[in-house]
Amino acid sequence: MRWERALIPTLKENPQEAEALSHQLMLRAGLARKIAAGLYAYLPLGIKVIRRVETIIRDEMEKYGAQELLMPILQPRELWEVSGRWNDQELGMLKLKNREGSEFVLAPTHEEIITGIVRGEARSYKDFPFNLYQIQTKFRDEMRPRFGMIRAREFIMKDAYSFDVGEEMARKSYADMRKAYINIFRRCGLNFRIVEADPGAMGGEKSEEFIAVAENGEDVLAACEACDYATGADAAKKCPDCGGRMAKIKGIEVGHIFNLGRKYSKALSAKFLDPNGKECLPFMGCYGIGITRTVAAIIEQNSDEKGIIWPLEVAPYSVVVLCLDREETTVAESEQLYQELGDKGIETLLDNRDERAGVKFNDADLIGIPIHLIISRKRISEQKVEMKRRRDQIKLLIPRPEATGEVIRLLKDLKERHRGTEAQRHKEHK
Ligand SMILES: [Zn+2]
């Protein structure tokens with residue numbers, strides 16, 4: 001992408017309205033704009049990051065055999081009457097009527113719809129098991145939307161639903177999703193804890209929350225300083241797993257998994273016939289990830305005073321080429337390097353705007369692109385390119401002909417280092 005033709009409206013100052021760090025940086029880096037309280041438009045850079053997170057999610061969900069589908073956001077009242085949740089207060093449902101007077105709700109969740117589909121389509125034990133997921137907009141009529149994407153009214157979620165014929169298999173499906181979630185949040189570069197939670201409005205037998213550690217989080221938990229153990233209950237003084245000290249930390253709920261048992265299959269009478277022709281109810285699980293909230297959590301954990309520092313796998317672009325002056329050779333050389341990187345399949349942003357060098361440096365830092373390549377009259381005369389790593393601000397001078405090769409090497413190195421850090425963090429916590 002050539003910046004000259006892009007809409008990346010960066011801001012110098014922190015907008016007044018933004019309290020949380022992630023909210024400030026999302027606005028400043030031109031990722032999103034507020035439309036009304038709790039409603040945001042995701043601008044091109046913002047949706048790119050969201051798509052990156054979605055790619056990781058699809059990849060890990062499909063590794064565990066889940067299949068994607070898409071359900072409507074507008075849902076009829078009748079299905080919610082059957083499940084007994086039409087008047088549920090906890091879900092913050094926004095209800096509306098069409099011109100014929102039929103009533104609907106803007107989906108806060110999809111248990112009713114999915115169970116309704118399965119009731120019609122899976123009649124025999126042979127049709128099971130399966131796990132269906134979607135990536136969809138959800139709506140909750142929050143009384144107090146705040147902290148930008150952390151507590152919004154409209155947000156993007158991944159929700160998955162597993163269906164099994166037996167309890168043991170349902171536990172296995174739950175355990176699989178738990179593993180998938182660990183992989184997803186690790187690949188997103190998040191520091192997170194898993195805590196036992198109250199199933200609340202979803203109901204069911206067991207549920208766990210994935211909490212990304214963050215100062216601006218609304219969830220308070222007690223976490224062990226020596227191992228992975230964490231709990232939502234504040235009574236804990238000593239870790240029951242290892243005896244370590246427990247410390248109070250704040251976090252953002254990015255994922256929630258539920259073993260639902262047969263609550264919804266019973267309510268919606270989604271029955272199947274077992275091998276003896278007997279009617280049975282399938283066991284369900286549901287598994288959510290707040291995608292826009294995950295992006296906010298990534299920013300909360302990955303920034304410095306200059307701006308966002310995207311982990312490589314979710315970065316909107318891997319590389320930004322900064323063309324520092326308007327001289328013909330500088331422009332031509334920048335264009336050439338941009339082409340070379342594109343040919344190698346590296347997603348690159350070319351900053352060819354008619355702006356001062358300082359503006360370009362600041363913006364490249366603010367939007368958090370992992371690798372910066374700087375081209376200027378001076379460096380061209382030396383046959384060199386300056387390469388900067390966003391995270392540690394380390395600069396290197398490399399011979400121009402080796403620039404693309406060096407970028408490929410560094411990208412590989414960043415990927416491996418990310419995996420190494422994750423493995424290390426995992427080991428420390430075991
Ligand atoms: Zn412990």
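User: Which residue in β6 does L74 stand opposite?
Analyst: This is a predicted model: local features need pLDDT of at least 70, side-chain atom pairs count only at pLDDT 80 or more, and totals for chains, interfaces and linings use all residues. Residues are numbered from 1 along each chain as its sequence is written. Strands are DSSP runs of E, at least two residues, and helices are runs of H or I, at least four, numbered from the N terminus. In β6, L74 stands opposite L106.

User: How many bridges join β4 to strand β6?
Analyst: Two strands pair if DSSP finds at least two bridges between them. β4 and β6 (residues 103-106) run antiparallel. The number of bridges joining them is 3.

User: Why is one side of β4 and of β5 left without a neighbour in the sheet?
Analyst: The open sheet of 3 strands has the order β4-β6-β5, with antiparallel pairing. β4 (74-76) and β5 (94-97) therefore lack a neighbour on one side, because each stands at an edge with a single partner strand.

User: Is F147 buried or exposed?
Analyst: A residue is buried if 20 or more other C-beta atoms lie within 10 Å of its own, exposed if 12 or fewer, and partly exposed in between, with C-beta atoms placed from the backbone. F147 lies in the loop between β7 and β8 (154-164). F147 has 22 other C-beta atoms within 10 Å, so it is buried.

User: What is the omega of the peptide bond that joins F128 and P129?
Analyst: P129 is placed in the loop between α4 (111-121) and β7 (130-139). The bond joining F128 and P129 is cis, with omega about -5 degrees.
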